[in-house]
Amino acid sequence: AGDRPLAGRRVLVTSGPTHEPIDPVRYIANRSSGRQGHAIAAAAAAAGAAVTLVSGPVALPDPPGVAVVRVETARQMLEAVEAALPADIAVFAAAVADWRPEQEAGSKKIKKDGTGPAPMPLVENPDILATIARLPVGRPPLVVGFAAETDTVVEHARAKIARKGCDLIVANDVSAEGGVMGGTDNTVHLIRRDGAVETWPRLGKEEVARRLVAHVAGLLTG
Ligand code: C5P
């Protein structure tokens with residue numbers, strides 16, 4: 001049906017930041033609010049899809065009609081994503097922390113001992129988008145990634161689509177002046193695997209979500 005183009009489809013969305021614990025009270029995180037990812041999950045549900053939203057820690061309410069799985073770390077997010085498959089469309093809107101402290105957080109707060117902070121080695125987190133986009137079996141037919149860049153947004157996104165193995169990248173400029181991270185609006189570029197670019201005007205994140213859902217529904221049905 002025209003207004004429910006995703007009826008009968010399964011959609012998986014990741015959203016929000018991840019928190020990577022340093023100790024019981026401290027963590028590494030980023031400024032993602034989860035607004036764009038949550039809006040995409042809501043729009044996909046409104047388009048008739050059965051939606052699972054895997055969300056990092058956010059202050060947002062669960063979108064109506066969406067199955068929400070709340071996680072804290074990147075590794076938990078990957079596990080929840082794998083458990084939520086199969087899906088027809090997977091949209092990776094989360095701002096996953098690239099690194100986590102190498103040392104697992106213990107149950108005791110790290111003390112200041114007067115000698116200054118100890119070095120904190122970091123290790124790379126799993127790349128959830130690349131892992132799912134490169135699944136030999138059970139890869140969702142349409143895998144969409146996000147690219148948050150502060151400069152040469154489209155060029156970086158073109159490189160990213162190849163590196164990650166996804167079908168579409170939604171690139172946005174998150175330089176501080178735009179107020180995209182944590183803000184209500186977004187200016188995005190859609191970059192396809194063949195390099196074609198579509199640039200949308202500055203829109204509310206809900207409208208970006210509606211248009212994106214309509215766009216991917218169109219791609220899925222050819
Ligand atoms: O490499 P970069 O972080 O810029 O890529 C952004 C895209 O990759 C987003 O779609 C994000 O959700 C996804 N990503 C991920 N797991 C990571 C890092 C990024 O799924 N560890």
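**Sides, cores and pockets**

Visitor: What makes you call E79 and A83 of α2 exposed?

Guide: In this model, which is a predicted one, E79 and A83 of α2 are exposed, and that word is used because a residue so named has over 50% relative accessible area.

Visitor: Which residues of helix α2 are buried?

Guide: In helix α2, which spans residues 74–84, the buried residues are A74, M77, L78, A80, V81 and A84. The arc that they cover around the axis is only 165°, which means that they sit on the same side of α2, while E79 and A83 lie on the other side. As a general point, an α-helix has 3.6 residues a turn, so residues three or four places apart point the same way.

Visitor: What do the buried residues of α2 pack against?

Guide: They pack against the strands β1 (10–15), β2 (20–21), β4 (50–55), β5 (67–70) and β6 (89–92), and also against the helix α3 (128–133).

Visitor: Which residues touch the most other members of the largest nonpolar core?

Guide: The largest nonpolar core has 32 residues, and those that touch the most other members are L6, V11, V13, I40, V51 and L212. Two or more residues of this core come from each of β1, α1 (35–46), β4, β6, β9 (142–149), β10 (168–173), β12 (188–192) and α5 (205–221). Another core, which lies apart from this one, has 26 residues, including L12, A80, A90 and A133.

Visitor: How do you know what V11 is in contact with?

Guide: Contact requires heavy atoms within 4.5 Å, and therefore, once its neighbours within four places in sequence are left aside, V11 is in contact with L6, A44, A49, A50, V51, T52 and I89.

Visitor: What volume does the largest pocket have, and which residues lie nearest its centre?

Guide: The volume of the largest pocket is about 1000 Å³, and among the 42 residues that line this pocket, A94, A95, V96, F146 and A148 lie nearest its centre. At least two lining residues are supplied by each of β1, α1, α3, β9 and α4 (153–164), and the largest share, 5 residues, comes from α4. Divided by class, the lining has 18 nonpolar, 14 polar and 10 charged residues.

Visitor: How many residues line the second largest pocket?

Guide: The second largest pocket holds about 460 Å³ of space, and of the 21 residues that line this pocket, I22, I110, K111, P117 and A118 are the closest to its centre. The lining of the second largest pocket has 9 nonpolar, 4 polar and 8 charged residues.

Key: Residues numbered from 1 in each chain as written. Predicted model: local features only at pLDDT ≥ 70, side-chain atom pairs only at ≥ 80, totals over all residues. Heavy atoms only, no water. Buried < 20%, exposed > 50% of the residue type's maximum accessible area, 1.4 Å probe, protein only. Helix = DSSP H or I, 4+ residues; strand = E, 2+ residues; numbered from the N terminus. Arc of directions from axis to C-beta. Core = buried A, V, L, I, M, F, W, Y, C linked by side-chain atoms within 4.5 Å. 1 Å grid on protein atoms, 1.4 Å probe; cavity = no way out; pocket = protein on both sides within 12 Å on 5 of 7 lines; lining within 4 Å. Points joined across faces, edges and corners; volume = space filled by probe spheres on them. Nonpolar A, V, L, I, M, F, W, Y, C, P; charged D, E, K, R; others polar.
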